[in-house]
Amino acid sequence: MDIPKQYDPKACEERWYQHWEASGYFKADSSSGKPPYIIVIPPPNVTGVLHTGHAMFVTLQDILIRWKRMQGFDALWLPGTDHAGIATQMVVSKELEKEGLHRRDLGRDEFIQRVWEWRKEKGDTILLQLRRLGASCDWSRTRFTLDKDLSRAVRKAFVDLYKEGLIYRGHYMINWCPKCGTALSDLEVEHAETQGHLWHVRYPLQGGKEGEGVVVATTRPETMLGDTAVAVHPEDPRYKHLVGKSLILPIMGRLVPIIADAMVDRTFGTGAVKITPAHDPNDFEAGKRHHLKEIQVIGLDGTMTGNAGPYEGQDRFAARKAVVKRLEAEGFLVKVDGHTHAVGHCQRCATVVEPAVSTQWFLKIGPLAEPARQAVERGEVRIIPEHWQKVYLNWMKEIHDWCISRQIWWGHRIPAFYCDVCGKAAGTNDPDRLLVDMEDLDACPYCGGTVHRDPDVLDTWFSSQLWPFSTMGWPDRTEDLERYYPTTVLETGYDILFFWVARMIMAGLKFTGRAPFRDVFLHGLVRDAKGRKMSKTLGNVIDPLELIDLYGADAVRFTLAILTVPGTDVALDTKRMEGYRAFANKLWNAGRFVLLQVGEEVPARPADEDLSYWDRWILDECDEAAARVNQSLEGYKFYEASDALYHFVWHRFCDWYVEVSKAGLGKDAPESRRQATRWVLVHVLDTILRLLHPFMPFITEELWQLVPGAKGSLVLASFPAGASGSSDPERAEGIEALMDLVARIRNVKAEKGIAPGQPVDLIVAPADAEARRVLQDLSQDELRVLVRLSSLEVTQALNPEEGWTAGVSARYKFSLRAPQAAVDVEGEKKRIASELKKATAERDKFAAKLQSPSFAEKAPAEVVDKTRRLQAEFARKVVELEVALARLAS
């Protein structure tokens with residue numbers, strides 16, 4: 001059998017992926033009769049390229065889907081991309097700028113055509129990159145949020161919500177991004193603590209004496225140009241006598257009334273607040289209460305309007321500096337304080353968001369939020385980790401109406417119409433709700449006049465919220481919808497719990513009557529090794545494609561899986577990836593050893609009596625590992641499953657069983673023993689490859705194809721169930737004691753300068769009858785292989801002789817010597833003294849545990865018993881080492 005000495009990921013990853021996809025292994029089959037298991041992919045933006053966040057969700061979802069596929073489920077992992085309205089429009093607009101064009105030069109229809117052309121050319125980039133990670137999606141079902149049938153679903157949802165009165169159009173204060181040129185929902189605004197200033201400005205009292213007036217404090221002096229009042233608290237004694245009078249607005253010179261409003265915080269600043277209804281949410285509400293005029297001084301492009309007087313055309317921040325300079329020059333600036341406050345930024349472009357009054361479309365959230373909250377409270381939807389469930393429930397109680405319109409061209413255009421003749425308008429003046437429909441209107445349904453369509457498009461998240469069922473054919477009752485909806489689990493990052501997860505639950509319940517998934521698993525954000533958010537500014541962005549090129553997809557996947565601890569972010573250190581590349585190499589070397597020993601013939605299953613003590617142990621360990629992996633994945637504990645596999649493969653199979661198998665494969669071993677060893681090696685390797693396949697699909701498939709008896713693809717092989725608690729605890733303890741003995745012997749050899757491969761003479765005195773039986777009757781051959789023995793004697797007690805070096809393990813005492821080796825007495829004293837110190841510390845540690853009332857009362861009985869046994873073993877070891885040290889001193 002020709003097997004390369006080293007594993008080369010580049011040589012097999014593309015080859016195996018093409019084979020899997022071409023063979024149709026990833027396709028779901030509704031006629032299979034198997035129980036369904038469904039995940040819909042969080043659709044990445046069509047503009048996207050693979051980043052660590054994608055790598056994380058692809059890894060975790062692929063682990064789940066491959067695991068369930070191997071368990072015999074009809075596993076559907078539905079892929080697709082999001083049209084990403086604002087982001088995509090910005091990308092194509094930048095392409096046009098290179099040609100010296102603006103989208104308005106093309107017009108709406110031609111610009112949208114250009115976007116579709118761009119999407120056709122580059123829109124599948126992210127999906128191709130997902131394949132490099134091994135994503136086993138059913139690519140035949142790939143969807144796009146602007147597909148014709150998905151667009152029909154979006155329109156159906158809008159029309160139904162509108163007809164029900166849950167969608168309305170209104171003049172309100174919204175978040176506006178001057179750079180993106182569109183309204184934003186509250187969730188699309190990220191607030192950052194910013195060091196700014198609090199400017200105290202005196203507004204002179206009309207008809208008052210010199211210096212008489214009211215001092216207001218503001219963080220945005222440029223907005224004062226649009227002030228229409230100054231508010232004070234109605235019970236503030238400092239200002240009661242001024243309520244109803246007017247102040248002179250500095251710079252602008254117009255009069256503004258002093259009004260009383262309970263919203264004013266008397267303890268902040270001077271207790272007097274400037275009111276700018278067109279540029280602050282609280283002021284907007286106050287303006288409605290007091291019937292104040294709205295004066296817009298900052299335009300939607302972020303520059304000052306004609307209402308800003310001498311500052312017209314200036315950038316808003318430049319105008320701020322100019323206004324402050326003039327206030328100071330004219331004596332209106334009283335003082336300036338440093339002030340830290342939260343400033344809203346656009347989530348997409350990081351531009352400071354401008355509060356603006358605008359006519360927009362809104363969705364009433366209250367009637368949708370309550371059922372979604374109840375679904376989680378009654379357990380219909382389970383959110384993991386649990387603390388995010390509490391965050392979700394709190395947020396659903398405080399949720400606000402959702403601004404769903406965006407002032408861009410790329411996206412789902414709002415299907416609302418306005419009459420050019422009678423003035424009937426969808427959303428505001430449509431008594432019979434006829435101006436929104438599934439079909440475009442050619443004429444006004446009220447008067448027959450001409451109509452025009454609303455120019456806005458829907459927020460991208462409006463279509464994304466329908467993803468779990470629109471991709472299955474809703475609003476039609478399709479076979480896919482009946483079989484694959486609701487989905488099984490939604491796996492995604494916690495950062496879109498409110499953007500997407502909550503909205504999907506609301507939409508699913510509203511339109512289908514069922515929550516869109518049973519479980520929600522929220523993974524942490526991927527950060528750099530220092531725990532910092534990745535950004536181009538910090539220069540710490542990690543490209544997953546580069547990692548795949550360096551370490552292989554399997555090492556990247558395994559690293560992400562083992563670092564996924566629920567409730568924590570992932571600090572991604574490439575050194576960890578180096579370690580798991582070494583793990584892949586360890587697996588390859590072990591697999592190569594097994595396959596070269598076994599050959600191409602399928603070993604026959606041995607009779608039970610032909611299985612050695614170590615054979616039975618590794619089979620027990622294998623069953624336990626399989627059971628732990630299944631149990632951990634059922635609870636979405638990817639780190640526990642990964643760790644169990646790593647520990648079993650490296651520290652049980654490779655470090656120990658592969659080594660001791662050389663005794664069973666030896667030329668002096670009986671044929672029945674050799675056959676049994678070959679069978680165990682193949683059986684355990686086969687099980688390991690099956691268990692690891694969801695985590696490391698490429699290397700496992702490459703090796704599995706060489707396993708005798710392997711048929712088809714590992715993708716479709718059965719997943720081991722394992723058997724927790726079926727192992728023999730006495731055998732496990734016996735093996736642990738032998739491992740400890742081997743480790744101690746190796747330590748002594750190293751300390752004495754004896755090469756690992758140098759054979760030594762060994763005399764061993766077991767501490768009890770079971771230890772004697774395990775060594776003498778069941779493990780002599782294995783011990784000879786593990787520590788390279790020239791002779792072995794098992795005795796009742798040790799009699800120290802010159803030239804021999806003594807040692808102690810948990811259940812054995814021993815002496816060893818190398819041919820022609822002399823013992824350094826002083827060096828031996830130091831070595832034993834060092835061992836004595838460690839053994840004493842272990843004895844005292846376990847003794848302290850046993851003396852703790854809380855441990856004795858709360859710990860399981862088996863844990864207490866094990867602790868008591870370990871304390872006794874170390875106590876005995878201390879005595880034996882003290883005796884050995886005394887003998888050397890005499």
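I began with the secondary structure and counted 28 helices and 28 strands in the protein. Helices (H or I, at least four residues) and strands (E, at least two) are DSSP runs, numbered from the N terminus.

I noted the basis of the entries. The model is predicted, so that local features need pLDDT of at least 70 and side-chain atom pairs count only at pLDDT 80 or more, while totals for chains, interfaces and linings use all residues. Residues are numbered from 1 along each chain as its sequence is written, and side-chain values use heavy atoms, with hydrogens and water left out.

**Overall dimensions**

Along the principal axes, I recorded a C-alpha span of about 115 × 65 × 55 Å.

**Cavities**

I searched the whole structure and found four cavities of 30 Å³ or more. A cavity is a set of points, on a 1 Å grid over the protein atoms alone, where a 1.4 Å probe fits but cannot get out; lining residues have an atom within 4 Å of a point. Grid points are joined across faces, edges and corners, and a volume is the space filled by probe spheres set on the points.

The largest cavity has a volume of about 40 Å³. I listed its lining as Leu161, Leu363, Leu368, Gln465, Arg503, Met506, Ala507, Lys510 and Phe511. Helix α15 (residues 497–512) gives the largest share of this lining, five residues. By class, the lining holds six nonpolar, one polar and two charged residues. Here Ala, Val, Leu, Ile, Met, Phe, Trp, Tyr, Cys and Pro count as nonpolar, Asp, Glu, Lys and Arg as charged, and the others, Gly among them, as polar.

**Helix packing**

I then examined α15 against helix α10 (residues 366–377): the two pack at an angle of about 100 degrees, with their axes 8 Å apart. Axes are lines fitted to C-alpha atoms, for helices over the stretch in contact, and angles run from 0 to 180 degrees between N-to-C directions. The angle makes α10 roughly perpendicular to α15, a term for 65 to 115 degrees; under 35 counts as roughly parallel, over 145 as roughly antiparallel and the rest as oblique. In contact (heavy atoms within 4.5 Å) are Leu368, Ala369, Pro371, Ala372, Ala375 and Val376 of α10 with Ile505, Met506, Leu509 and Lys510 of α15. I classed this contact as nine nonpolar, no polar and one charged residues.

Helices α17 (residues 553–562) and α22 (residues 697–704) pack at about 125 degrees, with axes 7 Å apart. That makes α17 oblique to α22. Ala553, Asp554 and Arg557 in α17 meet Pro697, Phe698 and Ile699 in α22.

**Backbone**

I found a cis peptide bond between tryptophan 474 and proline 475, with omega about 15 degrees. Proline 475 lies in the loop between α13 (467–470) and α14 (479–484). The bond from tyrosine 485 to proline 486 is also cis, with omega near 0 degrees.

Technical notes: 1 Å grid on protein atoms, 1.4 Å probe; cavity = no way out; pocket = protein on both sides within 12 Å on 5 of 7 lines; lining within 4 Å.
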